[in-house]
Amino acid sequence: MAKLFLGLDSSTQSLSAVVIDLDTRKVVYEKSLNFDQALPQHKTQNGVLPNRDPLVKHSSPLLWAAALDLLFAQMKKDGVALGNILAVSGSGQQHGSVYFNEKAADVLLNLNPKNSLVENLDGIFARKTSPIWMDASTAKECAEIRKKLGGVKYTASRTGSDTFERFTGPQIRKFYQTEPKAYDKTASIALVSSFLASLLAGKIAPIDFGDGAGMNLMDIRRKNWNHDAMKATAPSLAKKLPLLAASGQVIGPVSSYFVTKFGLNPEALATVWTGDNPASVIGLGLIKPGQMAISLGTSDTFFGTMEKCSTDESGEGHVFGSPAGGYLTLICFKNGSLAREKVRALYKIPDWKKFGELVSQTRPGNDGGIMLPWFEAEIVPRTSKPGIYRFDLDEKNVAANCRAIFEAQMLAMRLHSQWMQVAPEKIFVTGGASSNPQLLQILADVMNCRVLRIEVSKSAALGAALSAAHGWLVAANKNPKWEKLVAGFTAPVPGSEIRPDAKAARIYDKLVEKYAACESDVLDSI
Ligand code: XUL
């Protein structure tokens, strides 16, 4: 029997599955299901529920559950050997939270395969919708928690990050302050990752050290819930938070719901899930400290493995637990692919190939033209006031505006990652926009570093599948080594290496200063 492992990734816009065969070391199945298209009845746009307040971004736990049903049905239809799957793990968009009431534990234990997951879960939530990572509506709660914890530096050194609007702690505080009765009815709080793990396991699942670190509630060094942080956030949190555990750790056998309905192996193990970024660290094979990657997805993230926990005193970056042990360092920019798409739509550019051609018609440095493309409230630099700002850049010059958004995003990455104190000799790049050679050249030139493309469109789901395999091997006392486990699954695309151009790199050494001044000017004035 083939040794198959299933990894799922519930991201902002889609649910993906990757199945790996451990003996042949191959990905044997991949599938993605777009929320808006596959489940229009949930009325999301790019995976987010419409809201009058542009700072409020929620999605629906029932949408994620419906997608899980649909994806399993699709796998069955596609002939995936679900009976050969030995363990399942997964990852979720980070920070988003789900609020279970006291009925949830019982319902999860008795999921009825005759009904859909949505029907089963009716009535188990204390809050209908889930705030997600794009939400920027908790500045007040962030300030309150930060103050109680003793300021930016102390909050970051204790929890791994300063308080951030999207982090779960400030979101929980807002819920407690604005809907105290519903908060009171909350028996257990889950993350997107642990919510879906709970469905697979048929019981409330632990939160892992990777996703748990994105809450401003976990002690980043001790890896337990921090008493002061819980107290600063909301009452009775110790009772409402589940256990913390390593990702991939076995929770138990999968719920019989998936066995009866889809033919999943009854002995398959349900394991602890993690966040999409920690899972990508594994999927991209970034096991050794100092290896760095950039993911150009809905959000753009710059991340890598760190041996020791070293937090950002300026409060812009994060430290999360890595599924491979140790830590991962990360910085997240909200205006990633959606902002790139907005510029493309603004100038009516038919496709990314044409967009790239337009970029090629312009020179590195854009003759000093700069754009700040904050279509949404930005995380780094932090601003709750969206806006598009141009400096020495003619709004009507289409080609210059195409270069300007790419350059701004890469310059922001260079400027705001200085705290990481990493000087990588190469950066791996992944995600939708990484197939654009013009963007990769700008990245290589701005960072003055070799760039290698890794073509795993589903790096988080692959990381989750590898994490499932790791958990299964640990449970079988096989003492797996991460480096060996990930080897062969991910490798840079042959011939994809892009080297920095020395002349362009010198231009960006200067331009980054102008970019920083533009950022400061705008932040001071809004
Ligand atoms: C990371 C973050 C985003 C989400 C996207 O801190 O907020 O990258 O994880 O899914």
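Let's start just after helix 18. Asn448 there takes a positive phi of about 50 degrees. Keep in mind that this is a predicted model.

Now step back into the helix itself. Helix 18 runs over residues 437-447 and is mostly covered. Of its 11 residues, 8 are buried. Which ones? Leu439 and Leu440 are buried, then Ile442 through to Met447: Ile442, Leu443, Ala444, Asp445, Val446 and Met447. Note that Asp445 is on that buried list. At the start of the helix, look at Asn436. A side-chain oxygen of Asn436 comes to within 3.1 Å of the backbone nitrogen of Gln438.

Next, the ligand. Which residues sit around the ligand? The list reads Thr12, Gln93, Gln94, His95, Trp133, Arg166, Asp276, Asn277, Ser299, Thr301, Leu330 and Cys332. By class, that shell has 7 polar, 3 nonpolar and 2 charged residues. His95 has a polar side-chain atom 2.7 Å from a ligand oxygen. For Ser299, the distance from a polar side-chain atom to a ligand oxygen is 2.9 Å. For Asn277, the corresponding distance is 3.0 Å. How much of the ligand does the protein cover? On its own, the ligand has 290 Å² of accessible area, and the protein covers 98% of that. Two elements give two or more residues to the shell: helix 14, residues 276-283, and strand 17, residues 327-333.

On to the cavities. How many are there of 30 Å³ or more? The structure holds 2.

Take the largest cavity. About 100 Å³ of space lies inside. Its lining is Trp133, Asp135, Ala136, Phe164, Glu165, Arg166, Lys334, Glu378, Ile379, Arg382, Thr383 and Ser384. Charged residues number 6 here, with 4 nonpolar and 2 polar. Trp133 and Arg166 are in this lining, and Trp133 and Arg166 are also around the ligand.

The second largest cavity holds about 80 Å³. Phe333, Asn335, Pro373, Trp374, Glu378, Val380, Pro381, Ala408, Gln409, Ala412 and Tyr515 line that one. Strand 18, residues 370-374, and helix 17, residues 398-416, each give two or more of those residues. Helix 17 has the largest share, with 3 residues.

Note on methods: Residues are numbered from 1 along each chain as its sequence is written. This is a predicted model: local features need pLDDT of at least 70, side-chain atom pairs count only at pLDDT 80 or more; totals for chains, interfaces and linings use all residues. Side-chain values use heavy atoms; hydrogens and water are left out. Buried means under 20% relative accessible area, exposed over 50%, partly exposed in between (1.4 Å probe, protein chains only). Helices (H or I, at least four residues) and strands (E, at least two) are DSSP runs, numbered from the N terminus. A polar contact is a pair of N or O atoms within 3.5 Å; within protein, one must be able to donate a hydrogen and the other to accept it, and residues adjacent in sequence count only if both atoms are side-chain atoms. On a 1 Å grid over the protein atoms alone, a cavity is a set of points where a 1.4 Å probe fits but cannot get out, and a pocket is an open set with protein on both sides within 12 Å along at least five of seven lines; lining residues have an atom within 4 Å of a point. Grid points are joined across faces, edges and corners, and a volume is the space filled by probe spheres set on the points. Ala, Val, Leu, Ile, Met, Phe, Trp, Tyr, Cys and Pro count as nonpolar, Asp, Glu, Lys and Arg as charged, and the others, Gly among them, as polar. A residue is near a molecule or strand if one of its heavy atoms lies within 4 Å of it. Accessible areas come from the Shrake-Rupley method with a 1.4 Å probe; for residues, only the protein chains shown count as cover.
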